[in-house]
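This report covers the ligand shell, the domains, the helix packing and the backbone geometry of one model. The sequence and structure come first.

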Amino acid sequence: MVDTPARGIVPSTDVVPPVWGRITNIVVERGEGSWLITTDGERYLDYSSGIGVTNTGHAHPRVAAAVAAQAAKLLHGQQNIVYHEQGLRLYQRLQGLLPGGPWGAFLANSGAEAVEAAVKLARVATHRPVIVAFRGGFHGRTAQTMALTSAKNVYRGDFEPLPGSVYFADYPYCYRAPVAVHDPTACDAACASCAGCSCDWEGRLEELLHTLVYPEHVAAFIVEPVLGEGGYVVPPVGFLPRLREIADRHGILLIADEVQTGFGRTGRFFAVEHSGVEPDILTFAKGVASGLPLSGIIAKQEILRTWRPSAHGGTYGGNVVSCAAANATIDVIEEEGLVANAAERGAQLLAGLRALKARHRTVGDARGLGLMVALEFVKPDDGDGRVPNPEMTKAVVAEALKRKLIVLTAGSHVQVMRIIPPLVTTADEVGLALRILGESLEAAGA
Ligand SMILES: Cc1ncc(COP(=O)(O)O)c(C=O)c1O
């Protein structure tokens, strides 16, 4: 018999397996807005948003009320068996969230499942096998999504063999361009003819399509509009429009993975809107339901119709309580002006980070889009001055945590500190975070 602890006594944290690599050891009791409150009553400013999930803040009263009301009526209404009002409302709303279309949607549970669905749909719709992903990308932890992921070896290195017919193209990472650091806007100017552009992602992609795979065998390009786990890399504005053109030239579908960038995070409802590019399939999760498990794809209706009934599905996809949370989340995002707040608070945060960069030699880059912002740490005296500095990244994140600010790391070498505030955050909270980050950089000797 399993020895269970007495009622009321919280078990030791040893019960959690080490595979959950730890960011903090805090035991949390509740959350409100941008704040997490521990069982000891300590308050932490949560600028991780549970990895970009709590866009409406922790336990937003309208979302919590919608969840409670729905939970009291029905917890599960399986999608193959019944329709439910919350799901029907959400499917309808998803059709209108992205310009262009006409769009339809499919609902699942996690980001990885949304990506799995997108890949399955792209292969069915095109009758082609190959998927081209981008270096530094992260798409999930299932077998197919690991195969698409190249952000860090730990996400896939222990799990070979992985599904094949996946190839990788270069993401335009202007700070790490082989020739020299340059501003993405400068890259855009050069990319107009792509002459002299030191990123040359396009030349490398063309080479891939000449040397490794026939373009007519490629079902889809899958791309994050801003690289997430790979280091919060904002590409030049011309990148997605040019990728769209290349895709169209070869009859290749464009999948925008907006699991991390969606639902207002970057200062537009979806990040593809910054460049006006219409993907064929868009994946979403995280911010959609304020913390309840829900994900899905938005896809062109004619593409969605190529899936025959029962070719894809799942027991829990589009759970009724999660749909209620999503409907309330979208109401809050729209009615409380959270997309505009993300743009404004993001600009405030980035301006503050740029000022910190000017004072600290180990900060190589400060970048971001909306409330998806980051500092990249380097060893300024080694190599060409861009040698990744994971030790400093971890030291600054730890100093911030000591001062009760939660931020995360990212990047292939853990050389990036990423800051993901909830979209409800205030100017005062951003000011506090910047003060703490300034102190943390000093304390870590950055
Ligand atoms: C861009 C992107 N795609 C997919 C995923 C996978 O999402 P999940 O962890 O919900 O499976 C993530 C998670 O961080 C992500 O950032």
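Which helix gives the largest share of the shell around the ligand? Helix α4 (residues 111-126) does, with three residues.

## Basis of the model

This is a predicted model, in which local features need pLDDT of at least 70 and side-chain atom pairs count only at pLDDT 80 or more, while totals for chains, interfaces and linings use all residues. Residue numbers start from 1 along each chain as its sequence is written.

Helices (H or I, at least four residues) and strands (E, at least two) are DSSP runs, numbered from the N terminus.

## Ligand shell

The shell around the ligand holds 15 residues, of which S110, G111, A112, V259 and Q260 come nearest. A residue is near a molecule or strand if its C-beta atom, placed from the backbone, lies within 6 Å of it.

By class, the shell divides into six nonpolar, six polar and three charged residues. Ala, Val, Leu, Ile, Met, Phe, Trp, Tyr, Cys and Pro count as nonpolar, Asp, Glu, Lys and Arg as charged, and the others, Gly among them, as polar.

## Domains

The chain is divided into domain 1 (13-56 + 337-444) and domain 2 (64-335); the bounds come from an automatic or database domain assignment. Taken over C-alpha atoms, the centres of domain 1 and domain 2 are separated by 24 Å.

In all, 29 residues of domain 1 are in contact with 29 residues of domain 2, contact meaning that the C-beta atoms of two residues, placed from the backbone, lie within 7 Å. On the side of domain 1 that touches domain 2, the elements giving two or more residues are α1 (49-52), α11 (338-359), β11 (363-369), β12 (372-379) and β16 (416-419). That side of domain 1 has 13 nonpolar, 11 polar and five charged residues.

## Helix packing around α10

Helix α2 (residues 61-73) packs with α10 at an angle of about 155°, the axes being 8 Å apart. That angle makes α2 roughly antiparallel to α10. Axes are lines fitted to C-alpha atoms, for helices over the stretch in contact, and angles run from 0 to 180 degrees between N-to-C directions. Angles under 35 degrees count as roughly parallel, over 145 as roughly antiparallel, 65 to 115 as roughly perpendicular and the rest as oblique. The crossing of α2 past α10 is right-handed; a crossing is left-handed if the near helix is turned anticlockwise from the far one by less than a right angle, and right-handed if clockwise. From α2, R62, V63, A66, V67, Q70 and A71 meet V320, V321, A324, A325, N327, A328, T329, D331 and V332 in α10. The α2 contact with α10 has 10 nonpolar, three polar and two charged residues.

Helix α3 (residues 85-95) and helix α10 (residues 320-335) have axes that come within 8 Å and cross at roughly 45°. The two helices, α3 and α10, are therefore oblique to each other, and α3 passes α10 in a left-handed crossing. Q86, G87, R89, L90 and R93 in α3 meet V320, C323, A324, A326, N327 and I330 in α10. Six nonpolar, three polar and two charged residues make up the contact of α3 with α10.

## Packing of α12 and α13

The axes of helix α12 (residues 390-402) and helix α13 (residues 427-444) come within 8 Å, crossing at roughly 130°. This leaves α12 and α13 oblique to each other, and α12 passes α13 in a right-handed crossing.

On the α12 side, M392, A395, V396, E399 and A400 meet I436, L437, S440, L441, A443 and A444 of α13. The contact of α12 with α13 has nine nonpolar, one polar and one charged residues.

## Backbone geometry

Most residues other than glycine have a negative phi, and most peptide bonds are trans. The peptide bond from G101 to P102 is cis, with omega near 0°, and P102 is found in the loop between α3 and β4 (103-108). E160 and P161 are also joined by a cis peptide bond, with omega about 0°.

P161 lies in the loop between α5 (143-147) and β6 (166-169). S165 lies in the loop between α5 and β6 and, although not a glycine, has a positive phi of about 60°.
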